[in-house]
Amino acid sequence: MKEMTKRDQPALAIDSIEQRVESLLATMTQAEKIGQMRQVDATGERLSPALVEAVRTGQIGSVINQTDPALVNELQRIAMEESRMAIPLLIARDVIHGFKTIFPIPLGQAATWNPAIIEEAARTAANEAARSGVNWTFAPMVDISRDPRWGRIAESFGEDPYLSGVLGAAMTRGFQEANPPGAGAIAACAKHFAGYGASESGRDYSATNIPENELRNVYLPPFKAVLEAGAHSIMASFSDIDGVPASANAFLFRTVLREEWRFDGIAVSDWNSVSQLSVHGITADDREAAEQAALAGIDIEMAGNVYECHLDDLAEDGIVNQSMIDEAVANILRTKFRLGLFENPYTDPEAFPAFGDKHAKELAVQAARESIVLLKNDNGALPLNTRAINSVAIIGPLADAPYEQLGTWVFDGDVTLSVTPLTAIRELAGAHFEVRYAPAMESTRSRSTELFEDAVTAAQESDVVVVFLGEESILSGEAHSRANIDLPGNQADLIKTIRSVGKPVIAVIMAGRPLTLGNILDDVDALLFAWHPGTMAGPAISDLLFGRATPSGRLPVTFPKVVGQIPIYYNHKNTGRPPTQEDVVLIDDIPIGTAQTSLGMTAFHMDAGFEPQFPFGFGLSYTDFQYTDLIMSAKRIRPSETLRISAMISNVGDVDGAEVVQLYIRDLVGSVTRPVRELKAFSKIHVPAGLSKRVTFDLSASDLGFWRRDGSFGPEPGEFHLWVGPDAKSGLFATFSLAD
Ligand code: NOJ
């Protein structure tokens, strides 16, 4: 396996960092070492005397949740000037999709399929966070998420290992590589290692059961990609994986992370997850929990006191080797050196751009615009033509909800910066057309129809209706899983009521997850799925509604028709009985008394078939793209060779647009079964109306590699299918083979 490269190397040479780490370790007391392994919660408007004393006496190496720059600087001053070892603190905060300026939720960012914009958004977030003294964020989350019931799918890049890896790496570079160099970089953290997204039935924190082959082929690759991009840290998942909770999982943290991947940054637990080992029932008490976490290789305990209370004794008794403690502390010190904290532990807010400055806002509009996916557009219902309409009814609980449009994990998000769709549309309307607003429901969960009447009146008096539906931000995120992922409350009824007015109906849905949309799709002419778009939701949505921009978002996750199809994902295995449209017999079509047989049966649900509502990679545009002229450099490559593939993409409509060109393969025969399709590359291209562009991809034999039956990694010779297309269900098709 390739050794990880370290990007973002500090000014100091590696030798000198290692020497400085060694020399600190040689002079630190055991208490000071264990102090480095503790992260404490520093929430509050002032610093508690206990916290100050702990920093002064070297009993703490890191704090979480303090973002007042004056207080952070004071803590750093105490650490640097009053503590014996003068070791700066790591100041951690969840900067997940923005700090004050909020970008789309990560799942929305993934829908941009644009690593460059994700990188720049992270860089902007890092700048804003660093202004407050933060030097460590707990992002990107690269948990493969195949279950939209899971609230944390919002924080993920979706279901695909390759896409998650590319986008996670981009986010990592954005956080860690400041522009200009030195200014405002913060450490990234790949989380949650590993398999958290596979929680049973999408219930947060539930057990995960992932066989090693699937773990290695599906769940681990994005972590490796993020660490190869230089991420300074990695966080343990809360969950139990195959019977061993991640915080005690030496296979994950020692075998894979340290031995195979040679990672030498920080492994941090999740919030109090070391103590929770005893709640899981893998340890009997905190002392055993400290032992198991330390033996597994968790360097820092987040927000708990188990290391503080027991590590010293465990080392004294020889249960935890001193070398393990020294190694953990070395990982922490090395990272602090790499971040340049010894040289510059303080923040100078004045040296940074103001929060929510022009650049941040423009970027937030662009990211939101690119994240929104057009899922339906019958008869060119969108874009709306400002010259052809006199009035628009803006209806729904999320049309003017400045906080709700931000999504989950926005501890520091500044709601006063939010521009709502209603505000943006009113601004755009100016004197050109009239805007009538009726919220229709108090919240997305409301069960009352009391306010429907005003909405019906607004619809009757207008030329077109735009309905803003979805989920409030609190309905997704950590511990906010849902069993039913229909639009909550009375929203489907609202759509039906509005439909009956007879005006064109456009739905804009803001949500933290894919939703089951079957009960509203037929009642809308067009549907924009906007995720939670963040601060600049309004301008982004109104640009798309009124054709100032063309939708270019594509789904990073499959949308099921009904919840019972979950997990449903494009890169599934073929099974021995793959279904076809002809096989599907729906429940209502089975005659009473039909005799049972085991012949001619395939893998589908009698009440849902086997197709999703919308496939991975899907998204419409205001223009049409044609794929032609697939060229491959060879029909057969040797393991040392690269296959060059190209296709012509033509914009055959009459507006400019961006297309996400996706390359998929299928390995037909393997020593373990292979997915029916796997994304291997993609490219987002802008094609002006009437023009064509050739898109080229290079596929090396190692790109065809996977974890094989014998436990090794690499490609296997044989036949492959290949598609270049706009989503996981279509595309130009070709075959090639890999020679021995
Ligand atoms: C718990 C979450 O699981 C994790 O993602 C987050 O970074 C920590 N809490 C810190 O807030």
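Quick caveats, everyone. This is a predicted model, where local features need pLDDT of at least 70, side-chain atom pairs count only at pLDDT 80 or more, and totals for chains, interfaces and linings use all residues. Residues are numbered from 1 along each chain as its sequence is written, and side-chain values use heavy atoms, with hydrogens and water left out.

Back to that pair. Arg216 and Glu212 form a salt bridge, with the closest N and O atoms 2.8 Å apart; by that I mean a side-chain nitrogen of Lys or Arg within 4 Å of a carboxyl oxygen of Asp or Glu. Arg216 is buried at 9% relative accessibility, while Glu212 is partly exposed at 43%. The cut-offs there: buried is under 20% relative accessible area, exposed is over 50%, partly exposed is in between, with a 1.4 Å probe and protein chains only.

Now a longer reach. Arg173 bridges to Glu119 at 3.1 Å, and that pair links helix α7 (residues 161-176) with helix α6 (residues 115-131), 54 residues apart. Glu119 is buried, at 15%.

Overall, the count comes to 44 salt bridges. There's also a network of them linking Glu53, Arg56, Glu74, Arg77, Glu81 and Glu82.

Definitions and conventions:
Helix = DSSP H or I, 4+ residues; strand = E, 2+ residues; numbered from the N terminus.
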